[in-house]
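Here is a short report on a multi-chain model.

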Amino acid sequence: MSHFFAMGGYARYLWPSYGVTLLAVILNIIWARGLLRRAKTDARRRLAMQSEAR
Amino acid sequence: MPHSLTPPLTAARLVIARDLTLAFRRPEQLLQPLAFFVMVTMLFPLSVSPELSQLRAIAPGVLWVAALLAALLALDFLFRDDAQDGTLEQYALSGQSLTWLLLGKTAAHWLLTGVPLSLMAPLMGYTLGVPPAASAGIMLTVALGSLALSFIGSIGAALTLGVRRGGVLLSILILPLAVPILIFGSRATELAIHGEAYVAPMELLGAIVVLSFTLAPLAAAAAVRISLE
Amino acid sequence: MTWVWFHRLGSPPYIYRLAGRLTPWFGWIAAVLLLGALFDGLVIAPPDYQQGDGFRIIYVHVPTAVLSLTIYTSMAVAAAVGLIWRIKVAHAAAAACAPVGASFAAVALATGMLWGKPMWGTYWVWDPRLTSELLTFFLYLGYMGLRASFDDLQRADRASAVLAIVGVVNVPIVKYSVVWWNSLHQGSSLSLTGKDTIATPMLVPLLVSMLGFTLFFAAIVLVRLRAEVLRRERAASWIGEAIAT
């Protein structure tokens, strides 16, 4: 198992590479979903204001 | 009596004449990019080494970086005055091809900034240890490269017209696009400095010039219309 | 026939619902593919005879690098469609692509640097691939910066569309000039992907990873696209019931 993590001595470069990629994947997901959520909230608020105004 | 439109080439020439006339009324604006060019070039001996042999090695790069930065600075002047006093809007509404009018403006801009830079470059090259025999080559290469820069830069200038403090954004937009000009131009200058034939990179530079002066005014015109809305 | 499909895609409510339905599919398939590629690339694929286990960085570096360029092209195509046919959804798609593409370019740069250090002894080399990837990253930053500098959404859409189109025309020119520049100076055997052809057991996880990242990009863009469409369709009547679901 530790042989796997050592990656033939390249662990110092390999794992951070995969780590950075994973981070980018996670951040993309969080950011995109956050955007959509906020857009929906804004839309709901606008619609509520519009129907109140009538 | 039906009013016939001035042919586009004539209109472009009129724009060039107008811009040149206006520019000579305010010579400080012409001198600023030149002064900037000289100062940036000066920074290199000060920060690297006064050894002429070392400077000669980096001279092509230094000259081109300084010229690029000076050209970026000068691009601010391309549309600013005309946008402020409404002339640009008149151009867009005039019924004339905005593309041709902007071709004229950009050509005038090159005559006012690129050409003086290319004349100044051999002088600064000399201060960097470059032999005077290379002057003609330096002038030609910088002249051609700055022409391409003016055209590509005009797109960026048009896009950032309405933007507050658009100068830095303009640089960020233009620099990646200016890289090929920098690469081929500095290589051509380097060959010229060593007295070798610089035809090959000049041809590549020339291709970029042709591409940019045919396509850039189109893009710039589209960008100007968007900015003026 | 194709025009009907084209116009339907340009209809905001249609694209909103379609994107919503497609996202989970793309997302989950991407997850499966990426996990599969991860396992295959890290465990099953044999070590390279030259680079040992270090070559496995290829499975994240190459897909992100390739995608950073294809995303830019897609962005430019979408922007062009939006500009020429005045389709708001196309502009929304272009806007949605940019941050994703930029993040892929950043990952490509980071993984490229981490790959370079054990191979060439230094984190950064001015080889054609890394240099043009850096320039691509700046192209994205410029695009996003230009968008952000406009208050008016329509103007932001159209100005950044012009920039994207100009940029995409330049990408091959920039790549060519950087390769040309690099070839002038010897020692350009410093390219990150070796000249030797890659053996099949090492190639399979790469292709799977490529596909996985592509579907991941698609899923993220679809989510962002929905958000952009909602922003642009402020007062539209279809929004009420669409967001209720």
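The model is predicted. Start in chain B.

Helix α5 of chain B covers residues 98-127 and has 30 residues. From its first C-alpha to its last, α5(B) reaches 42 Å. That is close to the 44 Å expected at 1.5 Å a residue. The helix is not straight throughout: α5(B) bends by about 35 degrees at B:Trp110. Of the 30 residues of α5(B), 23 are buried, so the helix is largely enclosed by the rest of the structure.

Helix α1 of chain B, residues 8-25, packs against α5(B). How do the two axes meet? They come within 8 Å and cross at roughly 40 degrees. The crossing of α1(B) past α5(B) is right-handed. On the α1(B) side, the contact includes B:Pro8, B:Ala11, B:Ala12, B:Val15 and B:Ala23. On the α5(B) side, among the contributors are B:Trp100, B:Leu103, B:Gly104, B:Ala107 and B:Leu111. Why can positions along a helix share one face? An α-helix has 3.6 residues a turn, so residues three or four places apart point the same way. By class, the contact of α1(B) with α5(B) has 14 nonpolar, one polar and three charged residues.

**Chain C as a whole**

Now turn to chain C. It holds eight helices and zero strands. Read from the N terminus, the order of elements is α-α-α-α-α-α-α-α. The C-alpha trace of chain C spans about 60 × 40 × 35 Å along its principal axes. Chain C has 245 residues, and 49% of them count as buried. Its contacts reach across the sequence. Among those in chain C with a separation of 6 or more, 80% join residues 24 or more positions apart.

**How the chains meet**

Two pairs of chains touch, and the pair of chains A and C has the most contacts. Chains A and B do not touch; their nearest C-alpha atoms are 24 Å apart. The table sets out the two contacts.

| Pair | Residues from one chain | Residues from chain C |
|---|---|---|
| A and C | 25 residues from chain A | 29 residues from chain C |
| B and C | 20 residues from chain B | 21 residues from chain C |

On the side of chain B that touches chain C, the elements giving two or more residues are α6 (135-159), α7 (166-193) and α8 (199-228) of chain B. Helix α7(B) supplies the largest share, eleven residues. By class, this side of chain B divides into 17 nonpolar, one polar and two charged residues.

The side of chain A that touches chain C has 16 nonpolar, five polar and four charged residues.

**One residue at the A and C contact**

C:Leu114 gives a local view. It is found in helix α4 of chain C, residues 88-120. Is C:Leu114 buried or exposed? C:Leu114 has 25 other C-beta atoms within 10 Å, so it is buried. Which residues does C:Leu114 contact, leaving aside neighbours within four places in sequence? They are A:Tyr13, A:Pro16, A:Ser17 and C:Ile57. C:Ile57 lies 57 residues away from C:Leu114 in sequence, and the two are 8.3 Å apart in space, C-alpha to C-alpha.

Technical notes: Residues are numbered from 1 along each chain as its sequence is written. Chains are lettered from A and ligands numbered from 1 in the order in which they are written. This is a predicted model: local features need pLDDT of at least 70, side-chain atom pairs count only at pLDDT 80 or more; totals for chains, interfaces and linings use all residues. Helices (H or I, at least four residues) and strands (E, at least two) are DSSP runs, numbered from the N terminus. A residue is buried if 20 or more other C-beta atoms lie within 10 Å of its own, exposed if 12 or fewer, and partly exposed in between; C-beta atoms are placed from the backbone. Two residues are in contact if their C-beta atoms, placed from the backbone, lie within 7 Å. Ala, Val, Leu, Ile, Met, Phe, Trp, Tyr, Cys and Pro count as nonpolar, Asp, Glu, Lys and Arg as charged, and the others, Gly among them, as polar. The expected span of a helix is 1.5 Å times one less than its number of residues. The bend at a residue is the angle between axes fitted to the seven residues ending there and the seven starting there. Axes are lines fitted to C-alpha atoms, for helices over the stretch in contact, and angles run from 0 to 180 degrees between N-to-C directions. A crossing is left-handed if the near helix is turned anticlockwise from the far one by less than a right angle, and right-handed if clockwise.
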